[in-house]
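Visitor: I am new to this structure. Could you show me how to read it, feature by feature?

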Amino acid sequence: MLEIDINSIEWYVWALCALFLIGFLVQIFYYLYFYAGILYQKRKIRKGDIEYSNDNKGISVIICAYNESENLREFLPSVLKQKYPTFEVIVVNIGQSDETEDLLNNLSKQYPNLYATYIPQNAQMISMRKLALTIAEKAAKYDCFLFTEANCEPVSENWIQNMARNFTDKTDFVLGYTANPKGIDFVSRLISFDGFFAALQYMGFALRRKPFTASEGNMAYRKQIFFDHKGFATMLHLRLGDNELLFNKTATKTNVNIEIAPESTIVAHDVATFNTWYLKKERRLSTFKQYNAKSRFLVQAELFSRLSFYLPLIGLAIFARPIIIYSALLGFLLRYTTQAIVINKSARHFKESKFYFSIFAFDILLPLISLSILINNAFRRSKYKN
């Protein structure tokens, strides 16, 4: 008959308790200090503690399109119809195989502030997107750039106004919120939660003066930042990663502002399938190792603290005495309650659907997917890198 060493189990249980407690405390810290940043910012706005600019400086909106005539036909007019006194829209057509050029020529007759250009067919560069952005930024006539994508749609006519007001004298970057279309099936909810949680993360970190990344579908920066750092010169060997890496390398504690007004939201109309979302996530995470060491540590610390919360919880449920199991379950409920409050209050602010029991499933599934991608990228030559 198999004999079990009671003493070794006791030490094992106490080790699990210690690991569980560390994971619990780190998780609570991240939620209350970082991820609740939008709620703290909302309170500051209500109190009048946030400084805004009223000079209506010129804005150059930049969009890169790769054979996306259908997206441009549907969503570009919502950008061109913005209620802002001084702005231009520059569309760079990367592809050559659809009717984008004809569409842009027709739209430019109706909207004189629309400027279209293209990438020459014989251009040779690892990242055509970096080339497209560089062409647009050199051609732009205003000192502030606002970026979105061909498949993105502002939810209101005040998107530019809300983003532009954040360019105070000390501000070089402005970050906005990019939402995914709402859906009721599991995959749509998963994609929506992933995008929303990513926003809580990058906005919360920036509000706590630890900026690390941004949504390329809704961000802005000054022209001077681009030219002072020689554009994308240090990352030309990478197929992916342009504005987000420029942001990671040049954002500081004091030069980033966050715009959280619901009217400043951009909706990214991606195809809501698991495979397309996974590929997009894989591409995004492929640039993660290019982030600075502090950014990587902050993101990875939260990821591993989540694992050190759940894995010991399972072990305690199997081996621990009832009093310890009840204490661990209490910790689980406290963390879940904190999660639900922070996530759903923030979701309500951005007019997103609320998450309840799905939080638990996504909370486990998403870090496992991210961890598998990061590990895979770490041990092989990335297919997204030259």
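Predicted model: local features only at pLDDT ≥ 70, side-chain atom pairs only at ≥ 80, totals over all residues.

Visitor: Let us start with strands. How do strands of a sheet pair?

Guide: They pair through backbone hydrogen bonds, and the pairing is either parallel or antiparallel. Take strand 4, residues 144–149. Strand 1, residues 59–65, runs parallel to strand 4, and six bridges join them. Strand 8, residues 219–222, pairs with strand 4 over four bridges, in the antiparallel sense.

Visitor: Which residues stand opposite each other in these pairs?

Guide: Here is one from each pair. Val61 has Leu146 of strand 4 as its bridge partner. Phe147 stands opposite Met219 in strand 8.

Visitor: Are the faces of strand 4 covered or open?

Guide: Both faces are covered. Cys144, Leu146 and Thr148 are buried on one side. Phe145, Phe147 and Glu149 are buried on the other.

Visitor: What is the strand order in the open sheet of three strands?

Guide: The order is 5-10-7, and the pairing is mixed. Strand 5 (152–154) and strand 7 (178–179) stand at the edges. Each has a single partner strand, so one side of each has no neighbour in the sheet. Strand 7 pairs with strand 10, residues 266–268, in the parallel sense over two bridges. There, Ala179 stands opposite Val267.

Visitor: Next, cores. What tends to happen to nonpolar side chains?

Guide: In soluble globular proteins, they tend to be buried together. In this model, the largest nonpolar core has 72 residues. Leu175 and Tyr221 have the most contacts inside that core. Helix 7, residues 186–207, gives the most to this core, with eleven residues.

Visitor: What is Tyr221 in contact with, leaving aside neighbours within four places in sequence?

Guide: The list includes Cys144, Phe145 and Phe147. Those three belong to the faces of strand 4. Tyr221 is also in contact with Phe167, Phe173, Phe226 and Phe232, among others. Charged partners include Glu137 and Asp143.

Visitor: Where is Phe232, and is this residue buried or exposed?

Guide: Phe232 is in the loop between helix 8 (223–228) and helix 9 (243–250). Its relative accessibility is 3%, under the 20% cut-off, so Phe232 counts as buried. Not counting residues up to four places away in sequence, Phe232 touches Lys130, Leu133, Thr134 and Leu246, among others. Phe232 and Ile135 are 97 residues apart in sequence and 12 Å apart in space, C-alpha to C-alpha.

Visitor: Now empty space. How does one find where it is left?

Guide: Rolling a probe the size of a water molecule over the atoms shows it. The second largest pocket here has a volume of about 630 Å³. Of its 21 lining residues, Gln41, Ile50, Arg209, Val256 and Asn257 are the closest to its centre. Helix 2 (37–47), helix 7 and strand 9 (256–258) each give two or more residues to this lining. Helix 2 gives the most, with four. By type, the lining has six nonpolar, seven polar and eight charged residues.

Visitor: How many cavities of 30 Å³ or more are there?

Guide: A search of the whole structure finds three. The second largest cavity has a volume of about 40 Å³. Its lining includes Ser53, Tyr84, Ala164 and Arg165. Two lining residues are nonpolar, four polar and three charged.

Visitor: What else lies in the loop between helix 7 and strand 8?

Guide: Ser215 does. At 13% relative accessibility, Ser215 counts as buried. Beyond its neighbours within four places in sequence, Ser215 is in contact with Gly176, Thr178 and Tyr202.

Definitions and conventions: Residues numbered from 1 in each chain as written. Heavy atoms only, no water. Buried < 20%, exposed > 50% of the residue type's maximum accessible area, 1.4 Å probe, protein only. Pairing = 2+ DSSP bridges. Core = buried A, V, L, I, M, F, W, Y, C linked by side-chain atoms within 4.5 Å. Contact = heavy atoms within 4.5 Å. 1 Å grid on protein atoms, 1.4 Å probe; cavity = no way out; pocket = protein on both sides within 12 Å on 5 of 7 lines; lining within 4 Å. Points joined across faces, edges and corners; volume = space filled by probe spheres on them.
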